[in-house]
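Please open the structure in your viewer and keep the sequence panel beside it.

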Amino acid sequence: MMGMKHLRTFALFASASLLLGFEPLAAAAPVPVLKQTDQPFLRGVNVLGYDPYWTDTSRRRFQWRHFGEIRKAGFDFVRVNLQAFRHMDVGNKLEPQWLNKLDDVVRHAQKAGLGVILDEHDFNVCSNDVDACRNKLLDFWQQVAPRYKKAPRSVAFELLNEPHDRLNGEVWNTLLAQALGVVRQTNPTRIVVVGPTHWNSLNDLPLLKLPPDQNLLVTFHYYEPFHFTHQGATWAGEEVKQLHGIAWGSEQDRMAMRADFDKVAAWSAANRRPILLGEFGAYDKSGTPLALRTAYIGAARTEAEHHGFGWAYWQFEGDFVVWDMPNQKWVDPILKALIR
């Protein structure tokens with residue numbers, strides 16, 4: 001409790017300040033602290049990562065009305081996958097037309113009532129050449145972060161998708177701190193999404209060294225068991241490419257998934273960090289029966305919600321699809337596995 005002497009001193013100081021033309025200092029606004037119970041990203045879907053929209057608008061598949069379809073179906077945010085490095089000049093300056101397209105994406109998503117996570121998705125470039133990545137990634141956020149400094153809290157920044165290979169361990173911890181520092185210059189309380197190494201593996205969460213920042217949302221991606229979720233995928237290595245006919249859904253499978261999500265929840269509680277499941281799904285062009293894929297997707301969604309994690313399905317269209325673009329309709333079994 002403040003004594004009478006200190007009260008009189010404070011009153012004299014305040015009076016003198018007014019006479020000299022100064023106003024007493026206002027109390028600093030409290031810095032928001034992001035908690036699992038109030039993070040605004042609950043049910044999402046990944047969009048626009050591989051759409052021609054970014055290079056040739058006349059060939060785009062994704063239309064603005066699709067944001068309305070996403071919201072109407074029950075999703076509340078989109079994770080926008082940005083491969084921006086290819087739209088930089090030799091000085092790492094982003095093309096003005098690309099930035100205008102990004103503005104349109106954010107505006108139309110918000111107009112549909114959706115939150116937005118802007119995800120810098122050049123993970124392979126970064127993991128192959130860390131030095132080149134560092135300059136491009138920092139320059140990217142130096143240009144993009146100020147552009148949305150007045151955006152609502154439902155717009156978040158994801159520093160980089162799935163660091164791996166040369167970008168593992170301390171190399172990633174150093175770079176994420178540098179990128180976060182760039183963002184904080186103009187967005188001191190913006191929600192920023194960061195994840196561990198080895199493609200955002202839950203097993204690397206203990207290696208993640210986070211700055212003392214109160215508005216970090218920690219993400220992980222879940223495609224375990226990989227031989228089931230990626231069987232037949234041509235980009236996943238020769239062994240996985242040749243795999244077909246692997247099933248999922250036994251009680252042992254479900255217990256293994258639950259144990260993985262328990263592990264993430266334990267890390268979250270110990271480190272007091274909210275969690276976002278940023279990607280999950282099962283490849284749709286492998287011949288895996290739809291019933292097995294929907295069982296897996298529904299189980300992962302259930303585990304995420306049971307543990308209080310927000311989630312974003314991979315992805316709206318392209319592959320792993322939940323939206324049938326040629327027929328302009330939802331893949332109904334997958335949608336029902338995601339949105340109860």
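Two strands are said to pair if DSSP finds at least two bridges between them, and helices (H or I, at least four residues) and strands (E, at least two) are DSSP runs numbered from the N terminus. Before selecting anything, note that this is a predicted model, in which local features need pLDDT of at least 70 and side-chain atom pairs count only at pLDDT 80 or more, while totals for chains, interfaces and linings use all residues. Residues are numbered from 1 along each chain as its sequence is written, and side-chain values use heavy atoms, with hydrogens and water left out.

**The whole chain**

Of the 340 residues in the chain, 51% are buried, where buried means under 20% relative accessible area, exposed means over 50%, and partly exposed lies in between (1.4 Å probe, protein chains only). Among the contacts with a separation of 6 or more, 77% are between residues 24 or more positions apart, a contact being heavy atoms within 4.5 Å.

**The barrel**

Next, select the strands that form a closed barrel: there are 8 of them, running 1-2-3-4-5-6-7-8 with parallel pairing. From one strand to the next the twist averages 25°, and such angles run from 0 to 180 degrees between N-to-C directions, with axes being lines fitted to C-alpha atoms, for helices over the stretch in contact. To look at one pairing, select residues 115–120, which are strand 3, together with residues 155–158, which are strand 4; the two pair in the parallel sense over 4 bridges. Show the side chains here, and you will find L118 opposite F157 of strand 4.

**The nonpolar core**

A nonpolar core is a set of buried Ala, Val, Leu, Ile, Met, Phe, Trp, Tyr and Cys residues joined through side-chain atoms within 4.5 Å. Which residues of the largest core touch the most other members? Among its 93 residues they are I70, V78, V80, L118, W141, F316 and L338. Helix 5 (residues 130–147) gives the most to this core, with 8 residues. Select W141 and display what surrounds it: leaving aside neighbours within four places in sequence, W141 is in contact with L118, E120, P146, F157, E158, L159, A179, V182 and V183. Apart from this core lies another, of 10 residues, including L34, V193, L217 and L276.

**Salt bridges**

Turn now to charged side chains, where the structure holds 15 salt bridges, each a side-chain nitrogen of Lys or Arg within 4 Å of a carboxyl oxygen of Asp or Glu. Select R61 and E317, whose side chains meet in one of these at 3.0 Å, N to O. R61 lies in the loop between strand 1 (43–47) and helix 2 (65–73), and E317 in the loop between strand 8 (310–313) and strand 9 (323–324), so the pair ties together parts that are 256 residues apart in sequence. R61 is partly exposed, with a relative accessible area of 31%, whereas E317, at 14%, counts as buried.

For another pair, select K209 and E170, whose closest N and O atoms are 3.1 Å apart in a salt bridge. K209 is in the loop between helix 7 (197–200) and strand 6, and E170 is in helix 6 (residues 169–184), 39 residues apart. K209 counts as exposed at 53% relative accessibility, and E170 as partly exposed at 44%.

**Around N168**

Finish at N168, which is found in the loop between strand 4 and helix 6. Is N168 buried or exposed? At 17% relative accessibility, N168 counts as buried. Its side chain makes polar contacts, that is, pairs of N or O atoms within 3.5 Å; within protein, one must be able to donate a hydrogen and the other to accept it, and residues adjacent in sequence count only if both atoms are side-chain atoms. The side chain of N168 reaches the backbone oxygen of D165 at 3.2 Å and the backbone nitrogen of H198 at 3.1 Å. Not counting residues up to four places away in sequence, N168 touches P163, T197 and H198.
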